[in-house]
Amino acid sequence: EVTFSLIQSQESDFTFRILAENSDKPVSLDPGCLVTAFGCKHNDINTAVARTLLVDPPLPDMKTTYAVLQQAVDKAIDLLRPGVKCSDVYNGVIECIRESAHPELVEKIGKTVGYLTGHETRDNTCTLSATCQETVPSRSVFFVNIFMGPLGPEEKPYGLWLGDTVMVSGSGEEPAQLLTGAVQRSVSKVTLEFQGDG
C-alpha cells in the first residue's frame, strides 16, 4: 500500500517534506539535483526512502556536501540503539558534521534528523531532535532522514535530502538494521554524469 506518492522537488523549491505535494513546474536540471522520496506500507509497517540525484553537470561542491550528508545519516543510524535519548542521536549528528571537512553545514540542516515510524507514517512522540527526551525503543522502526539547504550560490541554490528506514536492534550491541539498503545511496551511485551531447 502506498502511503505517499513519489515526491520530486527541484533545488529551488525546498519543499522536502513527506507530506509535500509534487510540483507541477517543469523540472530543470542544468546544473542541479533531483530530490525524490517514496513511502509504502507492508504488513502494517510503514517504510520510506529519500534520495537526491546529482545531475550532470553537478556543481563542484555537491559531491563533497553529499558525502558529509551520508556520513551524518550513517552516524544517526549507528547511534540509534535501545535506551539512547533521541536528543543524543540528534546531537551526535551535529557533532559528526562539526568534525567533518565542512563544519559550516551544521547551519544547513533541519530541526530533526528522523522520527519513529511503524504503524503510523510519522509518530511525533519520538523525533530525533535536540529537544526530544524520549528514549529509543527496542526493535522500533525509524525513518532517519536529513535535509541540507539552501546550499550553493545564492542565484542558484539547491538542497540535498537523504533518508532510509531502519530497525533498532533488540540490544545495544549492534547498530540499527538498514531496511532500505537495496536502494543505492553512495555518491557514485546517485551521480548521473553524461558525456557529450548524446
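Mentor: A salt bridge is a side-chain nitrogen of Lys or Arg within 4 Å of a carboxyl oxygen of Asp or Glu. The model here is predicted: local features need pLDDT of at least 70, side-chain atom pairs count only at pLDDT 80 or more, and totals for chains, interfaces and linings use all residues. Residues are numbered from 1 along each chain as its sequence is written, and side-chain values use heavy atoms, leaving out hydrogens and water.

Trainee: Which side chain meets Asp164 in a salt bridge?
Mentor: Side chains of opposite charge can pair when their charged atoms come close. Here the N to O distance is 2.8 Å. The partner of Asp164 is Arg51.

Trainee: How many residues apart are Asp164 and Arg51?
Mentor: First, the terms: helices (H or I, at least four residues) and strands (E, at least two) are DSSP runs, numbered from the N terminus. Asp164 belongs to strand β7, Arg51 to strand β3 (residues 45-55). This pair links distant parts of the chain, with a separation of 113 residues.

Trainee: Are Asp164 and Arg51 buried or exposed?
Mentor: Buried means under 20% relative accessible area, exposed over 50%, and partly exposed in between (1.4 Å probe, protein chains only). Asp164 and Arg51 fall in one class: buried.

Trainee: Why does Asp78 count as partly exposed?
Mentor: Asp78 forms a salt bridge with Arg81, at 3.0 Å from N to O. Arg81 is buried, because its relative accessible area is 19%. Asp78 counts as partly exposed because its relative accessibility is 33%.

Trainee: Which backbone oxygen lies 2.6 Å from a polar atom of the Thr165 side chain?
Mentor: A polar contact is a pair of N or O atoms within 3.5 Å; within protein, one must be able to donate a hydrogen and the other to accept it, and residues adjacent in sequence count only if both atoms are side-chain atoms. Thr165 lies in strand β7 (residues 158-167) and is buried, because its relative accessibility is 1%. Its side chain has a polar contact of 2.9 Å with the side chain of Thr47. The backbone oxygen at 2.6 Å belongs to Ala48.

Trainee: Which residue takes a positive phi in the hairpin of β2 and β3?
Mentor: Two strands pair if DSSP finds at least two bridges between them. Strand β2 (residues 32-42) and β3 are antiparallel over eleven bridges, with Leu34 bridged to Leu53. Two residues lie between the strands. The residue with a phi near 50 degrees is Asn43.

Trainee: What is the phi of Gly118, in the turn between β4 and β5?
Mentor: β4 and β5 run antiparallel, joined by three bridges, and Thr112 has Ser129 as its bridge partner. Five residues separate the strands of this hairpin. Gly118 has a positive phi of about 140 degrees.

Trainee: What do the buried residues of helix α2 pack against?
Mentor: Helix α2 covers residues 86-98 and reaches 19 Å from first C-alpha to last, close to the 18 Å expected (1.5 Å times one less than the number of residues). Its buried residues include Tyr90, Val93 and Ile97. Contact means heavy atoms within 4.5 Å. The packing partners are α1 (62-79), β4 (112-117), β5 (123-129) and β6 (141-151).

Trainee: What share of contacts in the chain between residues at least 6 apart joins residues at least 24 apart?
Mentor: The chain has three helices and nine strands. Of its 198 residues, 45% are buried. The share of those contacts that join residues at least 24 apart is 63%.
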